[in-house]
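Welcome! Take a look at the protein below, and then let us work through some questions about it together.

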Amino acid sequence: IAFCRGRIVRVPKGPLIRVLGTEVVIPCSVSDYDGPSEQNFDWEFSRETDFVRIVSTWDSTFTSEEYQKRVGHGDIKLRRSSNDAVELVIRNIQPTDQGRYKCSTPSTDATVQGNYDAEVQVKVISDGLSLSGSKARSSMSLRLSEGDSFKLRCSAVTTSPEHIHLHVTWQIKSGSVWRDILSLTHEGKFQPGPGYEERYRNGDIRLDTGANDTYLLSVSQASPTDGGAYRCLVSEWVRGADSSWQKIQEKSVEIASVAIQRTDVVISTSNVSVTERDSLDLTCNITTDRSGIFQTEVMWYFSASPDDTLSDAQVLLSMDRDSIVSDSILISLSHVDRNSYRLLVRDVDVEDSGYYFCQAGVWVPLHNGSWHKVVERTSAPVSVVVTALEPDYEVFLNASKTPKFSDDPTELNCRITNAQDTEANIRFTVSWYYRQRLRSDDVVTEELLAMMDADWTLQLGDRNRERTQNGEIIFFKKAADTFSLRIQWTSESDRGDYFCVISAWSRHRNNTWVKSKDVTSAPVSIFWATQDYTLTVEAVKLKPFFVAGHTFEMTCKVSSQNIKTPRYSVLITAEKPLADQSNPNGTTRIISLNQDSVVRLEDWTDQTRVDGVVLEKVQENEFRYRMYQTQISDAGLYRCVVTAWSPGGGGMWREAVNGLSNPIQIDFQTSG
């Protein structure tokens, strides 16, 4: 028998104690059954012996005449909670509803096993719970100041003959929602509501029981969020036959409407602009409806950012509740009237620009003669902009040296003109910029060449940093009012627009320098037209006919265009017949003459004729090559390879263009 399985129908273990006039919900479930997953249920009621049919999930004709009206009006109904469970709901239960309730499930099993119904006893008791608030018939109204304390009372009495436990909860209504503040549960435990845990631990929220079944809510350090309607919510709980707690009734009564006047701290002026050396005047106003004795402490703060916390901000000045002000030379704090405090900053500087805010704390006396801070508030920050006393000046940029060719020098002078109000506390620095010139309409961002700090330290930009460090570009101060830029050897990549920015710096009280003004010059264009280099080399054989053993002689004449003061280097090459195995590459480098007229033997390897070849400069653009005691092996095509050089930066030579002459042939078979 222990291993047999069958249908099991369950209802709560009775008796179920319920209060007259309340809604009763009796659950019923079935398990371990065969057939469809969704099961049907029938409910019946008996006061003594016979059962009367109440309602069914599957048979609309199941309800007896006695219950048809209540079922039709919805006062009694079935509420399905799952496929295998329903709830019988009885609204406004009456003494006549006391008795036994039976839940049955029609069989869908292949074999009849288990139980198909279950019964529970319901006991209806009278309503013995009564609540009351203040002595007045309606809820009272309280108007308090922020930081005050208040107490509210609620009385809850039950006369039920059963062993009833009360659960008392104080709630506040903000908007349309009631929120729990603090509860004394039916198990005798204190339970703070969400958001009230810390205040409960600090003792600012308390719930005490008193005589005559009263429950006292005490609130200290009231804040604006404590404003709203307050009610006392009380429920009755009993232990069921299974020792679990069951809530059988709940009532509430509104006790009071509480308004909390917020204490605000506001700086009377919004955003402020003041000129350097003037005075900054700000007033901190405290808004409160507190009428009793109180004293205020005030502290002014300064911060560079509106988002800084008090710990990050700088304390300017403070006044305690006894009106004692901390010392300061340029800043003063005065008590204008009961709720206004004035901050005066004399001889302001640009570094005084930032965000100012004040913090105020309100203190009230206690019965023992001590003082207690009831509220502390910080104002929103006020933006203060101190405008520097700008000097008046203009900037003129001109080029004292402009290049006409590559490697020519460039010199630009950036001059301060029409300077006024440039007192001893003003100094000037320069920044140099370059912008590439484009033929299209593309926008080119300017590039920083160099800039000076307030202490005249030169900071180099990325462009031409190495050239500047090598001395190819020089930044210097030519005169008291003139800054200069010199490019020793201007290259084509330097062509473009140049402009300078003169910055004025003001010295502040702490001897630091702060930039007060920038003036930008008109751009100066550095540009010269460039044409392609051309180089022409003509080779001429001086003796048209000769035989082996005679001297071979040829000249190379060079002409060039668009090259500044060119010099030439010459290389003599020979292209031997393919049958000549001495040089499988075909071309032999014989002798060269560089741009400084230094001669060098290249691939000439005939040790018996070391002095057998000569290359010399006849004129600036003419060179002569001789080869003595020619041999049959010297046959081939001879050329002049010429390179044109122009003067580069730092005394160096820069390669401009290469040229190749026409070939001159030595052929002993056809020579006379």
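Here are some questions and answers on this protein.

This is a predicted model, in which local features need pLDDT of at least 70, side-chain atom pairs count only at pLDDT 80 or more, and totals for chains, interfaces and linings use all residues. Residues are numbered from 1 along each chain as its sequence is written, and side-chain values use heavy atoms, with hydrogens and water left out.

Q: How much area do domain 3 and domain 4 bury between them?
A: Domain bounds here come from an automatic or database domain assignment, which places domain 3 at 293–387 and domain 4 at 394–526. Their centres, taken over C-alpha atoms, are 47 Å apart. Buried area is the accessible area (1.4 Å probe) that two parts lose on being put together, summed over both. For this pair, 38% of it is on carbon and sulfur atoms, and the total is about 480 Å².

Q: Which three residues supply 71% of the area that domain 3 buries against domain 4?
A: Contact means heavy atoms within 4.5 Å, and it takes eight residues from domain 3 and five residues from domain 4. Within domain 3, one trio supplies more of the buried area than any other three residues: Asp 349, Val 350 and Glu 351.

Q: How many salt bridges does the rule find across the interface of domain 3 and domain 4?
A: A salt bridge is a side-chain nitrogen of Lys or Arg within 4 Å of a carboxyl oxygen of Asp or Glu. By this rule the structure has 33 salt bridges. Across the interface of domain 3 and domain 4, however, the number is zero.

Q: Which residue forms a salt bridge with Arg 47?
A: Helices (H or I, at least four residues) and strands (E, at least two) are DSSP runs, numbered from the N terminus. Arg 47 sits in the loop between strand S4 (42–46) and strand S5 (52–56), and its partner is 19 residues away in helix H1 (residues 65–72). The closest N and O atoms are 3.3 Å apart, and the partner is Glu 66.

Q: Where does Asn 464 lie?
A: Most residues other than glycine have a negative phi. Asn 464 is not a glycine, yet its phi is positive, about 60 degrees. This residue lies in the loop between strand S34 (458–460) and helix H3 (465–469).
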